[in-house]
Amino acid sequence: MTISAEAPEDAASEAVRKFGITVEDYMLPARHQIQMVGPDGTLNPHTEQGTQPGHEYALPGDEELLAAYEQLVVGRRVNDQNSALVRQGRMAVYPSSHGQEACQVAAALCLSDGDWMFPTYRDSVAVMARGVDPVQTMTLFRGDWHGGYDPAKHKVGIQCTPLTTQLLHGVGVAHAAKLRGEDTVVLAMCGDGATSEGDFHEALNFAAVFHLPVVFFVQNNQYAISVPLAHQSVAPSLAHKAVGYGMAGERVDGNDMVALLAVLGRAVRLAREGSGPLLVEAHTYRMQAHTNADDATRYRQDSEVAQWVAKDPLSRMETYLTDRGLLDDERAAGIAEKAEAVATQLREGLSEEVPVEPQDLFKYVFSTPTPQLKEQSALLADELSREEAAK
Amino acid sequence: MSPTITTSSEANGNVSAATARAAAKAAVVAEQTGPQPITLAKALNTAMADAMHADPSVLVFGEDVGMLGGVFRITDGLTKTFGKDRCFDTPLAESGIVGMAVGMAMNGMRPVIEMQFDAFAYPAFEQIVSHVAKMHNRTKGTVKLPMVIRVPYAGGIGGVEHHCDSSEAYYAHTAGLKVFTPATVADGYRMLREAIDSDDPVMFMEPKKLYWSKDQVDLDALRAEHAENTARGTSSEGRAAVARPGTDATLIAYGPSVPTALAAAAAAAEEGRSLEVIDVRSIVPFDDETVCASVRKTGRAVVIAEAHGFASVASEIVARVQERCFHHLAAPIRRVTGFDVPYPAPKLEHYYLPGVDRILDAVDDLQWED
């Protein structure tokens, strides 16, 4: 196969033909962010969902919504439990996604088993929602190794701390899959501040030039530690950056679980069908500080935070599903129980004293340790055996 | 793998498009056996072509490596032979090239990527140091990155600024990277095949001033050697070579400095001094055994490298040899390296580069009278 081959009729040309719009209209995000369920939990009339020709979204099915709600409850519980574990000194640090759980859950649920996710350090809930064991996910923050799960087994990249470097890894995974004729889609995640990084640009451009099935998912939570979005970019929106690479961009209410499932679901489907890459910007808010080591009161007002409490993704979804008669007390109790079980698993797993193996320092630097590493390994072993003997 | 492949351009099988004369010439070349005068460039090109024939997961990409064949023509003919999916041009962005290679290696490919010049690899530094070097360790070996980053490096070609850096120390200092640098045509083939075979990432430092130097090399014999090594599970990886045996002092050099060291040894021989020349070949892993065996025998050593001396690979070699051979040394080990200045403009580079006279002066200083 030739990788540069044009798709028979991609989403852009279809939209151009169907709606009489230009390719630029198709690539530019809709004039307003896509929002299906408002902060009060009621479904917006179709005309107010932010859609326009070429940007139309179908309401996800009931089962999908309920599965998402369950993950949303679990995700919130995970965030709160992990923050508590940090306060108790059981974990060194935890960058919480409290308030961003709808983005986290949608990122995992929009993918099929054969797809890949490339998360950041704040995306632990997304990693768990993808099916990675919660305690393995938290190993990075527990401090006994730099990673706890096998990326290849779960098709989840390592939780990356150098910003946007992982987007390029996602591009490479997609490229390799495409060369083999596989229908893998890659969801590559980053935050608003990260869009200033050079690798953000390089990843989007490479994905576009090689026409790869990558969905770039930017969670715009308004802050890069302390620096607000206005200091990162003066573009009309981050989703507008897509058109500069020749790909379609879309903005979505990042606290609206329903809209996220619709927008990301469509992006993944289009990418799988050969549309090339897409960029989705979710408008959300980091409700807590960057990490426990950060003091958010130094750079933002409580009143601003309060505004976002009213837009909470969890209560919004709860109201919506209850009003629709999909969620009753019994079902809610069952979901809460599942969330509590995960919290217990985290408490127990992270309170456990896991012995570290000093020789692991040398074991994995290369497939086979070099003579120099063998020498250093022997040096440490000798040091430890003398310490042991002196006890 | 076809045994008749001699170079990618001759091996592309596109004989119908060539003139009858070119086809006849290719056939003659293909039938020739035994040592031929071959450039380092051709050896490297052949190594990539052979690896691509042997394994469909081997891919080559970078800037201008496709139809042009690379600015040094090292990838000449690969796109023609293997198609645009296997050897292709990327957008002009080195971090993108390395980062994409990481993802491809994570997903079953063996990328061999080209950084156009030493200093042009610096935009990719974060990918190399934070991911290429660390992925295996971070994942406890569950993710391997079998990738080769080819870097034309060092000077001596009258190049402009940013085209002549000796950047090997940056990579050698980074745990998790293998760093190879061939100094002979045969090693160009041998070591690049071994780098592509490696399950760990390799920084493959190619001395650009040696690209067009020729040796008598039997490519078929090298192919047979590679096949035999593969079958036996052996290789020359991580081993230094005695480039010229001697008894009075050891010159330790790598990459572009090996021919200079050999020239110095030849000149010293005329003055009655027998110098052994060690070609380091593999900076990481480093062959302490071969280097130290030579210094213990001769009792004197000079380390030669083009890179700046301060905090350099040459300094590391001096430290290692001193720690291991102190009681065999008749004199302090000397370094002949580039000065600690930015790589000079073309008209000044001959003052900067370690040359035969500077090496012989250092040898003269090794306390022969004591």
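Predicted model: local features only at pLDDT ≥ 70, side-chain atom pairs only at ≥ 80, totals over all residues.
The crossing of helix 3 of chain A with helix 10 of chain A is right-handed. Helix 3 of chain A brings Glu64(A), Leu65(A), Ala68(A) and Leu72(A) to this contact. Helix 10 of chain A answers with Met257(A), Val258(A) and Leu261(A). By class, the contact of these two helices has 6 nonpolar residues, 1 charged residue and no polar ones.

Strand 2 (residues 186-191) of chain A was examined next. In strand 2 of chain A, both faces are covered. Val186(A), Ala188(A) and Cys190(A) lie on one side, and Leu187(A), Met189(A) and Gly191(A) lie on the other. Every one of these residues is buried.

Strand 2 of chain A also has paired neighbours. Strand 1 (residues 116-118) of chain A runs parallel to strand 2 of chain A, and 3 bridges join them. Here Phe118(A) stands opposite Ala188(A). Strand 3 (residues 214-220) of chain A pairs with strand 2 of chain A over 6 bridges, again in the parallel sense. In this pairing, Val214(A) is the bridge partner of Val186(A). Strand 2, helix 9 (residues 198-209) and strand 3 of chain A make a right-handed β-α-β unit.

The two chains touch. Chain A gives 35 residues to the contact, and chain B gives 38 residues. On the chain B side, helix 5 (94-106), helix 6 (125-132) and helix 7 (135-138) each supply at least two residues. Which of the elements of chain B gives the most to this side? Helix 5 of chain B does, with 9 residues. By class, the side of chain B that touches chain A has 16 polar, 13 nonpolar and 9 charged residues.

Chain B holds an open sheet of 7 strands, in the order 3-2-4-5-7-6-12. Its pairing is mixed. Strand 3 (87-89) and strand 12 (282-284) of chain B are the edge strands, and each pairs on one side only. From one strand to the next, the twist averages 20°.

Another open sheet of chain B has 5 strands, in the order 9-11-10-13-14, with mixed pairing. The edges are strand 9 (241-244) and strand 14 (334-338) of chain B, each of which pairs on one side only. Neighbouring strands of this sheet are turned by 25° against each other on average, direction ignored.

Within this sheet, strand 10 (residues 249-253) of chain B pairs with strand 11 (residues 275-279) of chain B over 5 bridges, in the parallel sense. Ala253(B) has Asp279(B) as its bridge partner in strand 11 of chain B. Strand 10 of chain B also runs parallel to strand 13 of chain B, joined by 4 bridges. In strand 13 of chain B, Ile304(B) stands opposite Ala253(B).

Strand 13 of chain B has 8 residues and 8 are buried, so this strand is largely enclosed by the rest of the structure. Strand 13 of chain B pairs with strand 14 of chain B over 5 bridges, in the parallel sense. Val303(B) has Arg335(B) as its bridge partner there. Helix 13 (residues 313-325) of chain B lies across strand 10, strand 13 (301-308) and strand 14 of chain B. Its run is at about 155° to strand 13 of chain B. Strand 13, helix 13 and strand 14 of chain B make a right-handed β-α-β unit.

How values were computed:
Residues numbered from 1 in each chain as written. Chains lettered and ligands numbered in written order. Left-handed = near helix turned anticlockwise from the far one by under 90°. Contact = placed C-beta atoms within 7 Å. Nonpolar A, V, L, I, M, F, W, Y, C, P; charged D, E, K, R; others polar. Buried ≥ 20, exposed ≤ 12 C-beta atoms within 10 Å, placed from the backbone. Pairing = 2+ DSSP bridges. Right-handed = clockwise from strand over helix to strand, strands pointing away. Axes fitted to C-alpha atoms, helices over the stretch in contact; angles between N-to-C directions.
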